[in-house]
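Welcome! Try each task before reading its solution.

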Amino acid sequence: MKQVVLEHPGRLAVSDGPPPSPPGPGEALVRVRRIGVCGTDFHAFKGDQPFFSYPRILGHELGVELVESPPNAAGLKAGDRCALEPYMECGQCVACRRGRTNCCAKLEVLGVHVDGGMREIIKVPVRKLHRSESLSFDQLALVETLSIGAHAVGRAGLEPGETVLVVGTGPIGLAVIQSAQPLGVRLLATDVNEARLEFCRRQMGVEHTFATDASAEEALREATRGEMPTVVFEATGNPSSMERSFGFVASGGKLVLVGLCQSKIAFSDPEFHRREMTLLSSRNALAADFKRVLSAVEAGTLDTRPWVTHRASLADLAAALPSWIDPRTGVLKAMVEV
Ligand SMILES: [Zn+2]
Ligand SMILES: [Zn+2]
């Protein structure tokens with residue numbers, strides 16, 4: 001069974017791995033057909049992903065085909081095409097008991113904490129498979145990224161007519177935008193990269209964008225008649241951008257930190273209190289987010305066509321992945337075909 005192993009930072013190697021053992025009750029063997037590659041994989045490759053151990057098989061954005069499973073309650077059978085929810089929760093901790101499996105205290109994410117999908121066959125729990133009869137494997141592999149956006153939007157509890165700002169228009173920011181769009185909100189987006197903003201306007205239909213430069217607050221005040229957005233999604237994970245985003249929020253508004261960083265961030269408490277702001281984080285996604293995104297893509301209300309910009313085969317991945325790290329290659333989503 002062909003697999004790609006990240007042996008240590010900077011070294012991906014194709015090798016022959018042992019086939020997984022037959023699936024037990026509640027398990028399924030699936031053939032991996034598509035693997036989306038994202039920032040998490042790039043950080044693991046570069047060696048700056050904290051708490052990451054090597055060797056590791058990456059791959060957590062998966063479009064799969066079921067090969068074998070004992071009869072199961074979901075009725076999944078050989079040949080079914082599915083998106084895979086890669087978050088393995090313990091089911092016991094306080095978060096899990098309250099349905100918050102996305103932030104399980106002992107969470108193991110496939111391709112991050114345990115070996116993932118950069119291989120031909122993988123054994124997974126049946127309950128983590130989300131079947132679709134109509135989506136392509138590319139679309140199925142995009143469901144994870146899109147669900148992270150859907151989860152963040154769900155956290156914010158958007159109301160129609162609100163003005164919403166997305167800070168950072170990389171994959172996570174775009175996923176937020178696509179989940180927020182059908183909710184009848186007014187969307188604004190900002191980024192330091194003008195090419196990304198143009199993509200936002202042209203491909204994602206966001207009318208109002210502005211550069212995250214020295215006059216960003218002023219541009220925002222102008223665009224909102226001085227009121228500022230009632231919800232701001234921060235999707236850069238850049239500490240100074242996260243700190244600055246506190247100043248983008250309207251009185252009574254919310255800030256949702258979707259991007260994460262590895263340091264402390266600081267904010268002015270008087271400003272925070274004066275506006276009685278709500279601060280939220282958003283991590284991963286829930287099964288319900290996967291289901292919602294899958295239905296929206298099936299219905300065509302969530303357009304995946306702009307997403308895939310680069311491709312490689314599993315065999316070519318070791319050569320291709322380092323080139324995708326360079327932002328000048330214009331990668332939005334690179335897709336590996338297995
Ligand atoms: Zn990812
Ligand atoms: Zn748990």
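Donors here are N, O and S atoms within 2.8 Å of the metal. Keep in mind that this is a predicted model.

**Exercise 1.** Find the protein donors of the zinc ion (ligand 1) and give their spacing along the chain.

*Solution.* Start at the ion: C38 (SG), H60 (NE2) and E61 (OE) lie 2.0 to 2.2 Å from it. Next, read these donors along the chain, and the pattern is C-x21-H-E. Then place two of them: C38 sits in the loop between β3 (27-37) and α1 (39-46), while E61 belongs to strand β4 (residues 61-68). The two are 23 residues apart, so the pair links distant parts of the chain.

**Exercise 2.** Decide whether C38 and E61 are buried or exposed.

*Solution.* The cut-off for buried is under 20% relative accessible area. C38 has 14%, so C38 is buried. E61 has 2%, so E61 is buried too.

**Exercise 3.** Work out which strands pair with β4, and in what sense.

*Solution.* On one side, β3 and β4 pair antiparallel over seven bridges; here G36 has E61 as its bridge partner. Strand β5 (residues 81-84) is also antiparallel to β4, joined to it by three bridges. Within this second pairing, V64 stands opposite C82.

**Exercise 4.** Describe the surroundings of S241.

*Solution.* First locate S241 in helix α7 (residues 239-245). Its relative accessible area is 15%, so S241 counts as buried. Leaving aside neighbours within four places in sequence, S241 is in contact with V167, E234 and T236. With E234, the side chains of the two residues make a polar contact at 2.6 Å.

Key:
Residues are numbered from 1 along each chain as its sequence is written. Chains are lettered from A and ligands numbered from 1 in the order in which they are written. This is a predicted model: local features need pLDDT of at least 70, side-chain atom pairs count only at pLDDT 80 or more; totals for chains, interfaces and linings use all residues. Side-chain values use heavy atoms; hydrogens and water are left out. Donors are N, O and S atoms within 2.8 Å of the metal (3.2 Å for Na, K and Ca); water is not among the atoms, so sites may look incomplete. Helices (H or I, at least four residues) and strands (E, at least two) are DSSP runs, numbered from the N terminus. Buried means under 20% relative accessible area, exposed over 50%, partly exposed in between (1.4 Å probe, protein chains only). Two strands pair if DSSP finds at least two bridges between them. A polar contact is a pair of N or O atoms within 3.5 Å; within protein, one must be able to donate a hydrogen and the other to accept it, and residues adjacent in sequence count only if both atoms are side-chain atoms. Contact means heavy atoms within 4.5 Å.
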